[in-house]
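This report goes through one structure, part by part. The sequence and the structure come first, and the text follows.

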Amino acid sequence: GDLRPLPMPHMEIRKLSLAGGQTTIIEDKPLGFYLFKLASPLAPHGRVNLDFDINYQNVGFVNSNPHVNLTFNGTFLNDRYLPYIGYAPDIELTEDGTRHRHGLNTVKRLPKLDDMAARNDNSQTTAADWINFEATVSTSPDQIAIMPGYLQNEWTDNGRRYFHYKMDAPILDLYSLNSARYAVRRDKWKDVNLEVYYQPGHEFDIDHMLQGMKLSLDYCSTNFSPFQFHQLRIIEFPRYQMFAESLANTIPFSESIGFLTYVDPKKPDNIDLPLYVTAHETAHQWWGHQVISANVEGQTSIIETLAQYSALMIMKHYYGEQGIRKFLKFELDRYLRGRAQERNEEEPLYKVDTNQGYIHYNKGAVVMYALQDYIGEDKVNQALAAFTKRYQFQGPPYPVSTDLISYLKQVTPPEYRYLYDDLWENITLYDNRTSSATYIQLPDGKYKVHLVIEGRKVRSDGKGQEHEIPVHDWIDVGVRDSSGKFLYLQKQKIDQKHVEVDVTVNGVPARAGIDPLDKLIDRNPEDNVVSVEKK
Ligand SMILES: [Zn+2]
């Protein structure tokens with residue numbers, strides 16, 4: 001949370017010159033911020049070349065905050081190492097308390113949803129729309145350097161190893177540069193070359209990660225639109241940083257969440273991170289690289305929530321309806337924990353702020369899972385395919401969360417449209433419970449189960465102030481036998497706080513209750529289901 005010189009330490013600008021000349025108006029070396037006046041004005045759609053030569057160097061060891069992107073073996077740089085145009089809000093201090101200590105105003109939130117001018121910027125880079133990309137990079141002779149695009153040529157010159165990459169279609173103005181002593185595993189999905197660049201010795205999860213790429217390519221291309229590249233690469237980087245990200249045909253991936261991750265099959269709560277993360281990042285080739293949201297609030301409810309939804313559906317098909325439960329529990333727990341730790345204000349999903357991962361990842365996953373449960377996975381995907389068709393590879397104005405919601409609403413039966421109000425546009429929490437469940441055996445050998453259910457639903461504001469709202473919801477009611485198999489599972493309209501439900505089942509009932517699979521955001525799911533007593 002401290003203020004440090006930006007963009008990077010040990011930066012030496014050797015050259016930064018615009019063709020035609022420039023006059024320096026501002027030169028803020030510690031912050032790396034420069035303002036130049038051109039010798040002659042640049043016409044709209046005009047071009048001017050910027051020549052630059054910037055040197056970064058790691059000198060010895062430091063006491064704290066070591067610079068870990070540029071390393072001996074495992075360099076991982078992003079586009080922020082090259083000059084960029086305009087103000088960079090993504091490197092502002094984001095936490096209100098820290099800003100206050102530095103005498104800054106409360107953080108400026110993203111532009112509002114209805115800010116039409118802001119819709120002309122995409123959420124990834126405000127400096128450009130879709131760009132042509134080509135790069136030549138050199139590295140140590142025993143390393144491979146990787147950037148987005150397809151390798152055109154490779155050569156050695158003067159003790160350096162050179163790589164020339166070029167993309168054959170416009171991409172967003174985002175790129176990465178990885179360099180290390182990589183080994184490469186190659187595979188194929190249809191005509192697409194799959195490659196994993198890894199540290200020798202880190203083979204443990206590679207097959208599983210390749211499987212994640214294939215499952216995700218299959219799922220997204222079948223349900224949304226064709227894959228746009230003929231190559232997709234995962235590139236390992238050191239565990240100094242713990243994330244993965246998706247650039248065009250390129251997925252830098254930390255060794256800490258794949259490669260070496262052991263998923264213990266005996267631990268039922270263990271999440272298969274290598275598969276889940278790979279599926280998520282591969283899905284970003286659609287959500288973020290085919291469809292890109294506008295730079296307004298709620299932008300990540302398109303990019304991140306849909307990548308998370310895609311990954312969750314892939315897990316559902318891979319692990320089955322039962323195996324998916326732990327993923328949903330993981331997401332629900334993270335959401336509830338995240339909102340408890342919120343230091344600014346919780347936003348509803350459709351206005352989520354970019355740093356509220358507990359909303360766009362975790363709540364988003366729970367919400368989209370519920371939605372496909374209510375209206376059907378095929379209907380959700382039909383809406384997402386139409387949404388993709390409308391916006392893929394489009395320039396400004398870019399789509400916003402309410403555009404996505406309107407596509408989803410079109411495939412949603414009227415009786416379920418309240419879900420968008422609850423799940424997307426407000427912060428809605430449930431506290432459903434079952435007070436009692438009893439059964440009697442009927443003369444025909446069947447069993448009649450009598451349930452006493454309480455439906456409770458609250459709305460919360462951004463600061464956590466809650467008020468109760470009436471329940472008019474379709475909610476699962478379930479009865480299981482002693483082996484855990486459902487004898488009955490149906491959505492019932494719960495439109496009073498106190499409801500009594502009778503269902504007839506074929507086997508001896510053991511446990512029964514409301515929302516037994518925790519599909520809703522229920523803070524206390526333990527009391528949803530009770531033992532069924534014989535009357
Ligand atoms: Zn993501």
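## Salt bridges

The side chains of Lys457 and Asp422 form a salt bridge, with N and O 2.6 Å apart. Lys457 belongs to strand β20 (residues 457-460) and Asp422 to helix α9, so the pair ties together parts that are 35 residues apart in sequence. Both Lys457 and Asp422 are buried. This is a predicted model, in which local features need pLDDT of at least 70, side-chain atom pairs count only at pLDDT 80 or more, and totals for chains, interfaces and linings use all residues. Residues are numbered from 1 along each chain as its sequence is written, and side-chain values use heavy atoms, with hydrogens and water left out.

Some terms are needed here. A salt bridge is a side-chain nitrogen of Lys or Arg within 4 Å of a carboxyl oxygen of Asp or Glu. Buried means under 20% relative accessible area, exposed over 50%, and partly exposed in between (1.4 Å probe, protein chains only). Helices (H or I, at least four residues) and strands (E, at least two) are DSSP runs, numbered from the N terminus.

Lys457 and Asp422 also belong to a network of salt bridges that links Asp421, Asp422, Lys457, Arg459 and Asp473. In the whole structure, a search finds 26 salt bridges.

| Pair | N to O distance |
|---|---|
| Lys457 and Asp422 | 2.6 Å |
| Arg181 and Asp142 | 2.7 Å |
| Asp476 and Lys491 | 3.0 Å |

In the salt bridge of Asp476 with Lys491, Asp476 lies in strand β22 (residues 473-480) and Lys491 in strand β23 (residues 486-494), so parts that are 15 residues apart in sequence are tied together. Asp476 is buried, at 5% relative accessible area, and Lys491 is buried too, at 19%.

Arg181 pairs with Asp142 in a salt bridge. Arg181 is in the loop between β12 and β13 (183-189), and Asp142 is in the loop between β7 (134-139) and β8 (144-146), so the pair ties together parts that are 39 residues apart in sequence. Arg181 counts as partly exposed, at 32% relative accessibility, and Asp142 is partly exposed as well, at 44%.

## The zinc site

Which residues coordinate the zinc ion? His280 (NE2), His284 (NE2) and Glu304 (OE) do so, at 2.0 to 2.1 Å. Donors are N, O and S atoms within 2.8 Å of the metal (3.2 Å for Na, K and Ca), and water is not among the atoms, so sites may look incomplete. Along the sequence, the spacing of the donor residues is H-x3-H-x19-E. His280 lies in helix α3 (residues 273-283) and Glu304 in helix α4 (residues 300-323), so this pair ties together parts that are 24 residues apart in sequence.

His280 and Glu304 are both buried, and the relative accessible area of His280 is 6%. Leaving out residues up to four places away in sequence, His280 touches Glu304, Ala307, Gln308, Ala311 and Tyr361. Contact means heavy atoms within 4.5 Å.

Asn178 is part of strand β12 (residues 176-180). Is Asn178 buried or exposed? Asn178 counts as buried, at 0% relative accessibility. Beyond four places in sequence, the residues that Asn178 touches include Thr75, Phe76, Ile144, Ile235 and Pro252.

Tyr407 sits in helix α8 (residues 401-410) and counts as buried, at 17% relative accessibility. Not counting residues up to four places away in sequence, Tyr407 touches Ala383, Ala386, Phe387, Arg390 and Tyr391. The buried residues of α8 are Ser401, Asp403, Leu404, Ile405, Tyr407 and Leu408, and they pack against α4, α6 (357-375), α7 (377-391) and α9 (418-424).

## Model confidence

pLDDT is the predictor's confidence in each residue, from 0 to 100. The protein chain has a mean pLDDT of 93, and 98% of its residues reach 70 or more. Over residues 1-7, pLDDT stays under 50, and the model has 18 contacts beyond four places in sequence for these residues.
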